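Here is a short report on a predicted model.

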Amino acid sequence: MEELRRTKRFAVLLCAEDSDYVKKKYGGYFGVFIGMLAEDGEIWDVFRVCSGQFPSDDEIGLYDGFVITGSCNDAHGNDAWICKLLILLKKLDSLNKKVLGICFGHQVLARSLGGKVARATSGWDIGVRTINFSTSTKTFSKLKLPARLSLIECHRDEVHELPSKVEVLASSDKTRIEMFRYGDHLMGVQGHPEYTKDILLQLIDCLLKRNLIEEWNAIKGRASMEDNEPDREAWKQLCTSFLKGRL
């Protein structure tokens, strides 16, 4: 019983359908997140919330933490599953459960806290971008990270406002709120620490074919990946340390 009690258990709240490419190469987005966050001896499950699959109240108690993924949907939208997700996030907050929000997950988590999410005034952000950590935050002092890290981005919405109770952890020259934290249990990251370059390249092609971005967006995004390398190991350390309570 003691051994079972010590087993850490986490859940991915999947907010997007798997692309054929990601499904074939990584076993879906769940596999991508497992690759970044999972450690030996842990149990990881997935709830496809975008398809209406949510953890029950009893199941919530089984987990030490949750990860909210990116999505093609708008975090400021009122789709039935998004409204249900907002209710779940408020419940997780009240229970002090660890929650890490990525891209759409960052935005919907901010919304659940009373923040404002909308289209980015400067349009799409696609490619590798430099993220600048706030000089006032002590959140990552144990990790001895540099003052800035490169991160893959792919979003056209952003968090415009946060309540004063929420701490902004990082910004960029494109987006004012790249990261935030509330208490020691909720954290949002606007970019995609889980993405590899090939995932973004495939996504750019997909967005272009669907006429969701212009050709210049694609050219600029691809060029940024040729010129810059995302700091994936540092982001992995940061995200796992937060989720596992090691900050």
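## The annotated span

Residues 85–196 are 17% helix and 39% strand. UniProt lists residues 85–196 as "domain: Glutamine amidotransferase". That listing comes from an unreviewed entry.

## Helix α8

Helix α8 runs over residues 215–227. At 1.5 Å a residue, its 13 residues should span 18 Å. The end C-alpha atoms of α8 are 19 Å apart, which agrees.

Which residues of α8 are buried? They are N217, A218, G221, S224 and M225. These residues cover an arc of only 130 degrees around the axis, which puts them on the same side of α8. The face turned away from that buried side carries exposed residues: W216, I219, K220, E226 and D227. The cover over the buried residues of α8 includes β6 (125–133) and α7 (197–209).

## Aromatic pairs

The count of aromatic pairs comes to six. One of the pairs is F10 with W44: the ring centres are 5.0 Å apart and the planes stand at 25 degrees, so the pair is stacked, given that planes under 30 degrees apart count as stacked. F10 belongs to strand β1 (residues 9–13) and W44 to strand β2 (residues 43–47), so the pair ties together parts that are 34 residues apart in sequence. F10 and W44 are both buried.

How are the rings of F47 and Y63 arranged? Their centres are 5.9 Å apart and their planes are at 85 degrees, so this pair is edge-to-face. The pair also links distant parts of the chain, 16 residues apart. F47 is in strand β2, while Y63 is in the loop between α4 (57–60) and β3 (65–68).

Buried means under 20% relative accessible area. F47 counts as buried because its relative accessibility is 6%. Y63, at 4% relative accessibility, counts as buried too. Ring pairs join F47, Y63 and F66 into a cluster.

## Lysines over rings

K244 lies over the face of F10, 5.3 Å from the ring centre. F10 is also the ring stacked with W44.

Where does the charged end of K165 sit? It is placed over the ring of Y182, at 5.0 Å from the centre of that ring.

Definitions and conventions
Residues are numbered from 1 along each chain as its sequence is written. This is a predicted model: local features need pLDDT of at least 70, side-chain atom pairs count only at pLDDT 80 or more; totals for chains, interfaces and linings use all residues. Side-chain values use heavy atoms; hydrogens and water are left out. UniProt positions are given in the numbering used here, feature names are shortened, and annotations may be inferred rather than shown by experiment. Helices (H or I, at least four residues) and strands (E, at least two) are DSSP runs, numbered from the N terminus. The expected span of a helix is 1.5 Å times one less than its number of residues. Buried means under 20% relative accessible area, exposed over 50%, partly exposed in between (1.4 Å probe, protein chains only). The arc is that of the directions from the helix axis to the C-beta atoms. Contact means heavy atoms within 4.5 Å. Rings of Phe, Tyr and Trp (its six-membered ring) pair if their centres lie within 6.5 Å; planes under 30 degrees apart count as stacked, over 60 as edge-to-face and the rest as tilted. A charge sits over a ring if NZ of Lys or CZ of Arg is within 6 Å of the ring centre and within 35 degrees of the ring normal.
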